[in-house]
Every structure is written in structure tokens, then in C-alpha cells.
Amino acid sequence: MHERIIPYLERAGLYHLARLNSQWFWLDEPLVSAFVERWRPETHTFHMPFGECTVTLQDVAFQLGLPVDGEAVSGCLGEFETYMEGGRPAWEWFEDLFGERPPPNKVKQMTVHFTWFHERFRVLPPDASEETVRIYARAYIMMLLSTQLFGDKSANRVHIRWLPFVANLDGMGRYSWGSAALAWLYRCMCRVANRNVTNLAGPLQLLQSWIFWRFPSLRPAGFEVSSFPLASRWSAYLPPNDGKEQRVIRYRLALDRLTARDIVLEPYSALDVLAVVHPEILTEEHSRMWRAVTALIYFAVIEWHQVDRVVPQLGGVQHIPEDALNVDWLHAKDGRGGDRWFPHYYQKWHEHWENRLNARHPDTSGGISERILPGSTQITAT
């Protein structure tokens, strides 16, 4: 990350993620696997002995420093000239933005092998013009998004779906990168829960950092200093690499024994944490999104932010939540089988996101509200 591309990362809302990129920690696979076994796709929560908990937009903001308010990260996967004004054929547009095309042996369908980007744009020339700096900034962002935030099971390919975004570097800051990352994490866990999938993908460091912050009994010892983004706290963490099967069993047993006293419901309210958090994370337009029950969108991935099931994580008292929204049919959609303009194809769900500020927000005031249940009247605390 050359200092000359930092301004572009800041304007894109990705600077904190880029800083974390140099401090990315190792994944404790048995721990993450034990948690994912408790993931329920119908509620988007982990079902624990003491109740439900989940990763929310608040966690994404604090852990990764990503903006959670803004436009949905969506579009199409390749046929840009069909759907976009000024959207040239994909590979012509690629050449226009990066000055050259990758060799055929580095291209597979609509992806480019990571090694080509890394070798071609690894070091910014000392006498680079501003246009060259912009090219390198585009390449850095393409690699950052494809590997650290939206990585798939291949783990080594860069998708050209990002061309319309990096074509306008100054406009990248208007997108909700945080909600897209959470949608992708949810989808990856739902896939493992719903199908015979063994390889888990997605921003798993976000999940692991969430576990460490929420469950002190499961975190490694000796990592007491907080810095921002908060996931950087574990930058030097190196889990054991042997006995994985036995460690999965031990983690399962540890989760079975968890009680309500073992989860930290509000880890971000501590003064030492607030002292390192960057002010833009705490602005009202971001913080009110933490409580929005709304759609989370990442291209063809649509998931549901069912935060009304985990109100204590936001400082409130849990009420009886709304019935879980059935999004099973969406879990079968991954964008394959023909290109589409997803804001139109999933118009209903995009409207949910566009109306996010008017979405249902769980009451965190601790007051009393009335809820009518079928066949009865009940007063519940909210």
C-alpha cells in the first residue's frame, strides 16, 4: 500500500480495511467450524445454549472499519455494455482501466489470476504519474476486495465485476461495503449449513474476531491492546496447527457449556475501545443502520439482517421477534446461469435496502410494547 494510493482508499471507504490487510491474522479453523455448526440459515443467527447471537452491521463497522450506510454493492457480473451507460465490453474496459490485458493463460471466464495482478502492480514506480497512481490504486482495490473481503473458495482469482467501481474511484465511497461483506459472510455460512459443503469461504477473520471479542473464554491469552480496526487486535495470533479434529470436539463441548454470563453483549462500549475507534464509525447515519431489519445485498447474494433477534447486543431487552423471513429460494441463487442486472432482477430486495432508514428498528429503550400473538394478547418487554 503505497502512500500515494492512500487518498483513493480513504475516499473509497476502504482505508481501514487496507491497513488491516497488513495485519491479517491466522484463522483458527476448528473454532470457526464449531461456531458455523450452530448457524441457522432461517434466522441468520448462531443458536447457543443461552439463546441467539450473530454478527451484525455494528460488528462489521467496529471490526473492519467499513462504512455500513450507502448504496448497495450490486450491478452485473460481466456484460457491462448491455446494462450500463458507458459500459464497454468487459475486456476492452479492462484494458482501458489498466493499460493492458492479462495473458490468456491468466484468464478464466470473467476472472484474472491473482498472481498477474500481484506481479504486474506490486511496486509503484517512484516517478509514477498521477494516472499511473490511479491504475495501481485500481489494481490494489481489485485485489483487496477479491481476496480479503469477498474471497471465494478459489482464493486466488480476481473477478472483473469490480470494473464499474474502480472506473470511478472518486465515487466508490458512496457504497455500503460493510453490508455487502456481511451479506457474503452470511451466505457462505448458509451454504455450509444447507448443503454438503465442506470448504468455508468469505471474510472469516471478521467472524473469528467477533468470536474473540464476544466470548472471552474462547479468546487467546495475551492480546490486551486495542487498536483500530478492532480486528487488528489479533494480528499476531497464531493458532495451533495440529490435532484439528480433537480441537473441534473440544470447542463443541465448550460451546455446549456456554451460559449468558459467557458472552459480552456490548464489547464496544468500553472506554478503552471508544478511545481508538475512528469518529466516522460513530456517526448517526452509520449507527442507526446497526438496528435496521433490512436486506443485505452483494450482487446476486441477498440475505436478511434480522437484528431484532439479538436486541441485547445493541443495549436493549429482547422482545419476541418477528417471524423469520423465508429466503430459502434466494440461497439457491448465485448469479450463474446467465448475466443479469441485479438491481432490476432483485428489485424488491433493493427497495428494502433503499428504504433502510424507514425499516423496522428493534426498540432498545427498555420500554414496554404490545405484541398480538395468534389467539391471544400478550404484553412483552422490548
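In strand 6, H113 has R157 as its bridge partner; helices (H or I, at least four residues) and strands (E, at least two) are DSSP runs, numbered from the N terminus. This is a predicted model, in which local features need pLDDT of at least 70, side-chain atom pairs count only at pLDDT 80 or more, and totals for chains, interfaces and linings use all residues. Residues are numbered from 1 along each chain as its sequence is written, and side-chain values use heavy atoms, with hydrogens and water left out.

- Strand 5 pairs with strand 6 in the antiparallel sense over three bridges; two strands pair if DSSP finds at least two bridges between them.

**Backbone geometry**

- A cis peptide bond joins F228 to P229, with omega near -5°.
- P229 belongs to the loop between helix 11 (204-214) and helix 12 (244-256).
- Q109 is not a glycine, yet its phi is positive at about 55°.
- Q109 sits in the loop between strand 4 (107-108) and strand 5 (111-113).
- Q109 has 68% relative accessibility and therefore counts as exposed; buried means under 20% relative accessible area, exposed over 50%, and partly exposed in between (1.4 Å probe, protein chains only).
- F299, also a residue other than glycine, has a positive phi near 55°.
- F299 lies in the loop between strand 7 (294-298) and strand 8 (301-305).
- F299 counts as buried because its relative accessibility is 2%.

- S209 is part of helix 11.
- With 0% relative accessibility, S209 counts as buried.
- Apart from neighbours within four places in sequence, S209 is in contact with F25, Q63, L230, A231 and W234, where contact means heavy atoms within 4.5 Å.

**Nonpolar surface patch**

- L271, L274 and L282 make a nonpolar surface patch of about 290 Å².
- Patches are made of residues with over 30% relative accessible area and no salt bridge; like charges are joined within 9 Å, and nonpolar side chains (Val, Leu, Ile, Met, Phe, Trp, Tyr) within 5 Å.
- Accessible areas come from the Shrake-Rupley method with a 1.4 Å probe, and for residues only the protein chains shown count as cover.
- L274 is in helix 13 (residues 271-274).
- The relative accessible area of L274 is 35%, so L274 is partly exposed.

**Cysteines**

- The structure holds zero disulfides, a disulfide being a pair of cysteine sulfur atoms within 2.5 Å.
- For C188 the closest cysteine sulfur is in C190, at 9.3 Å, which is too far for a bond.
- C188 counts as buried at 3% relative accessibility.
- C76 is buried, with a relative accessible area of 3%.

**Salt bridges**

- The count of salt bridges is 18, each being a side-chain nitrogen of Lys or Arg within 4 Å of a carboxyl oxygen of Asp or Glu.
- E130 and R4 form a salt bridge with an N to O distance of 3.3 Å.
- This pair links distant parts of the chain, 126 residues apart, with E130 in helix 8 (residues 130-149) and R4 in the segment before helix 1 (6-12).
- E130 is partly exposed at 42% relative accessibility, and R4 is partly exposed at 28%.
- E29 and K244 form a salt bridge whose closest N and O atoms are 3.2 Å apart.
- This pair also links distant parts of the chain, with E29 in helix 3 (residues 29-36) and K244 in helix 12, 215 residues apart.
- E29 counts as partly exposed at 42% relative accessibility; K244 is partly exposed, with a relative accessible area of 33%.
- R38 and D256 meet through their side chains in a salt bridge (2.3 Å, N to O).
- The residues of this pair are 218 residues apart in distant parts of the chain, R38 in the loop between helix 3 and strand 1 (39-40) and D256 in helix 12.
- D256 counts as partly exposed at 45% relative accessibility.
- A network of salt bridges links R88, E92 and D96.
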